[in-house]
Structures are given as structure tokens and as C-alpha cells.
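Open the model in your viewer and keep the selection panel at hand.

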Amino acid sequence: MGSESSNSVIVSMFVVVVLIALDASLVHGQGTRVGFYSKTCPRVESIVRSTVQTHFGSNPAIAPGLLRMHFHDCFVNGCDASILIEGTNTERTAPPNSLLRGFEVIDDAKAKLEAACPGVVSCADILTLAARDSVFLTKGQSWQVPTGRRDGRVSLASDTTNLPSARDSVDVQKQKFAEKGLDTKDLVVLAGGHTIGTAACRLFSYRLYNFNTSGNGADPTIDPAFLPQLRALCPQNGDAARRVGLDPGSQNRFDTSYFNNLMKGRGVLESDQKLWTDASTKTFVQRFLGVSVFNVEFGRSMVKMSNVDVKTGTQGEIRKLCSAIN
């Protein structure tokens with residue numbers, strides 16, 4: 001019986017890997033493909049992976065930071081690393097991006113790649129690979145990443161207004177995702193990336209006090225047993241910058257407890273908790289309570305998102321420094 005169980009687990013893991021590999025291979029978006037650098041920079045993935053791993057070893061917070069950064073990059077003019085550009089009024093300076101972390105990881109990986117393969121690998125591909133490696137380092141499933149993106153030359157803070165917000169209704173969230181060619185399932189799957197990382201009190205403390213104009217009550221969708229914990233972490237008129245885990249009890253591990261918490265009324269962000277209270281998204285939340293199913297779907301949705309409005313061929317450029325346009 002033990003042998004049959006072990007074989008079953010092995011087969012299941014094999015199926016997961018194969019499904020993700022097939023999906024990644026089939027998605028060639030606007031010119032990206034798995035193995036794009038196989039001849040021009042064959043060590044690209046190992047260099048990025050080792051760089052992310054080194055930084056993760058000293059600061060695990062960079063894993064969710066890189067995952068968020070990739071998401072925020074793709075939602076503004078496509079996955080073109082425009083979020084990395086420094087300067088006045090760039091995307092990087094916009095309020096939704098002010099708390100992102102991990103820029104130094106991308107710069108480090110870029111420096112190593114420029115030494116190994118000068119002028120070959122884009123910052124956009126480095127960020128995409130680093131996001132995948134961040135999931136794997138936090139015990140999530142890996143997937144094959146199509147590469148071949150080029151870097152954008154435009155980065156404007158004013159373009160970040162369409163980024164999903166913690167206060168968005170489900171309808172607004174679905175609209176923003178649809179504009180990027182992503183459906184309701186992608187929305188719920190990618191929101192599941194909140195299984196790792198933290199959020200500042202300022203993003204959700206309004207749910208804890210005076211949520212309704214009629215009184216001092218909290219958001220009624222919050223589990224009453226969970227409310228005192230959140231209020232202790234984010235007292236009224238307290239430190240708005242204090243960080244709180246988005247997946248209470250499992251913020252450092254990529255798993256499905258995020259969805260279990262939504263089911264229990266323990267979603268920290270209002271936009272997350274609404275995924276349980278809205279019928280159109282609740283179905284997917286229930287489906288993703290299974291680890292292997294969620295891992296497969298997360299890989300698929302990440303590949304899909306990472307091909308949003310990408311620049312390839314002669315579009316854009318290959319930056320020498322990720323923080324500056326050539």
C-alpha cells in the first residue's frame with residue numbers, strides 16, 4: 001500500500017510538471033519562447049536563480065517583493081521592466097510602487113549577466129525569471145518561462161492609475177484583468193500570490209475602524225475572532241507603515257492557506273476577501289483549496305500574464321543598466 005501511495009505521488013508530481021511545461025511551451029505570445037537564450041546566453045536561468053537565492057538567504061522578503069514587482073510591471077504598458085527605471089515621475093516613484101522591494105536583486109543579476117553575455121539578456125526577462133524563482137524558493141512549484149522580451153523606454157508614474165487596488169470591487173478587478181487579456185480564473189489565481197508577503201497597515205486599517213458611516217464597526221466580512229489580532233497589529237492612529245502578513249500563519253510559504261483564510265473571513269485586504277463573498281470568484285477560491293491544482297494554475301496564469309503586451313524583435317531595447325534607459 002505504501003509503495004502504491006508513493007508511486008501515486010510521483011506520478012501526480014510528474015503530471016504537474018509536464019502540464020506546466022506544455023503550457024509554457026505552447027505560449028509564444030508575441031515572440032517569446034522557452035529557451036530563447038539557449039545559444040546566446042545558456043547560463044541565464046542559473047545565474048538569475050543563484051542571484052535570487054543568495055539575496056533570499058539574507059532577506060526572505062525579497063521573494064514576495066519580486067513577485068509583486070513583476071505583477072506591477074506587467075500591468076503598466078506590458079512586461080517591459082519599465083518599473084525598474086529610476087528618475088522623477090517614473091513608475092517606480094508612484095504610490096502603488098513605493099513599498100516594492102527587490103530592485104537590488106535585479107541589478108545584481110543584470111551585472112552578472114552583462115559580464116557573462118554583454119548586451120544579450122533583457123531586464124524584463126530577468127524580472128520574469130526572478131518572479132518564478134521567488135515562488136520556488138518559498139516552496140511553490142516551478143514552471144518553464146518563455147523569454148525573449150525587450151525593455152521598454154517609457155516609464156511614467158501617471159500610467160500606474162490602472163493598477164489593481166486593495167479597495168477595488170470584484171467587478172473592477174475583473175475589468176482591469178480583462179483589459180490585459182486575463183479572465184476571472186486568472187484574477188483569483190494571481191491573487192493567490194498573496195500567500196507570501198506582507199502589506200502595510202495603511203492599505204487595510206480602514207476596515208478595522210469606522211468602516212461604515214453609521215458607526216464604529218469593522219468590515220463585517222472580517223472573522224470576529226480575527227479582528228482583535230488585526231487591531232493589535234494596526235491600532236487606530238498607529239504606525240501606518242507597519243507590515244502585516246497577507247496570509248496569516250503562512251506568510252513565508254507559497255501554499256493554499258491564503259484561500260483557506262478567505263473562506264474563514266481572514267483575508268487581510270478587502271479586495272482579497274471580496275473574492276470569497278462574490279459568487280463569480282468564490283467558485284475558483286473553493287477549487288484552489290487543493291495544492292497541486294493551484295500550483296498548476298498559478299504557473300499557467302503567470303505565463304499568460306508575463307506575455308501581456310511584451311516587446312520583442314526590434315521593439316524596445318536591451319538596457320545595460322536596468323535602472324536607466326540606454
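This is a predicted model: local features need pLDDT of at least 70, side-chain atom pairs count only at pLDDT 80 or more; totals for chains, interfaces and linings use all residues.

**Stop 1**

Select helix 11, residues 279-287: its buried residues are T281, F284 and V285. Look down the axis of helix 11. Those buried residues fall within an arc of 105°, so they line one face of the helix. An α-helix has 3.6 residues a turn, so residues three or four places apart point the same way. Now show what covers the buried residues of helix 11. The cover includes helix 6 (170-178), helix 7 (184-191), helix 9 (257-263) and helix 10 (270-277).

**Stop 2: a crossing pair**

Select helix 2 (residues 44-58) and helix 3 (residues 62-74). Their axes come within 9 Å and cross at roughly 130°. The two helices are therefore oblique to each other. Show side chains at the contact: V52, H55 and F56 of helix 2 meet I62, A63 and L66 of helix 3. Five of the contact residues are nonpolar, one is polar and none is charged.

**Stop 3: the disulfides**

How many disulfides does a search of the whole structure find? There are four. Counted along the chain, the bonded cysteines pair as 1-4, 2-3, 5-8, 6-7.

- Select C41 and C117, joined with S to S at 2.1 Å. The S-S torsion is about 70°, so this disulfide is right-handed. The two cysteines are 76 residues apart, linking distant parts of the chain.
- Select C74 and C79, joined at 2.0 Å. This link is right-handed too, with 120° about the S-S bond. Both cysteines are buried.
- Select C201 and C234, joined at 2.0 Å. The torsion is about -75°, so this disulfide is left-handed.

Notes. Residues are numbered from 1 along each chain as its sequence is written. Side-chain values use heavy atoms; hydrogens and water are left out. Axes are lines fitted to C-alpha atoms, for helices over the stretch in contact, and angles run from 0 to 180 degrees between N-to-C directions. Helices (H or I, at least four residues) and strands (E, at least two) are DSSP runs, numbered from the N terminus. Angles under 35 degrees count as roughly parallel, over 145 as roughly antiparallel, 65 to 115 as roughly perpendicular and the rest as oblique. Contact means heavy atoms within 4.5 Å. Ala, Val, Leu, Ile, Met, Phe, Trp, Tyr, Cys and Pro count as nonpolar, Asp, Glu, Lys and Arg as charged, and the others, Gly among them, as polar. Buried means under 20% relative accessible area, exposed over 50%, partly exposed in between (1.4 Å probe, protein chains only). The arc is that of the directions from the helix axis to the C-beta atoms. A disulfide is a pair of cysteine sulfur atoms within 2.5 Å.
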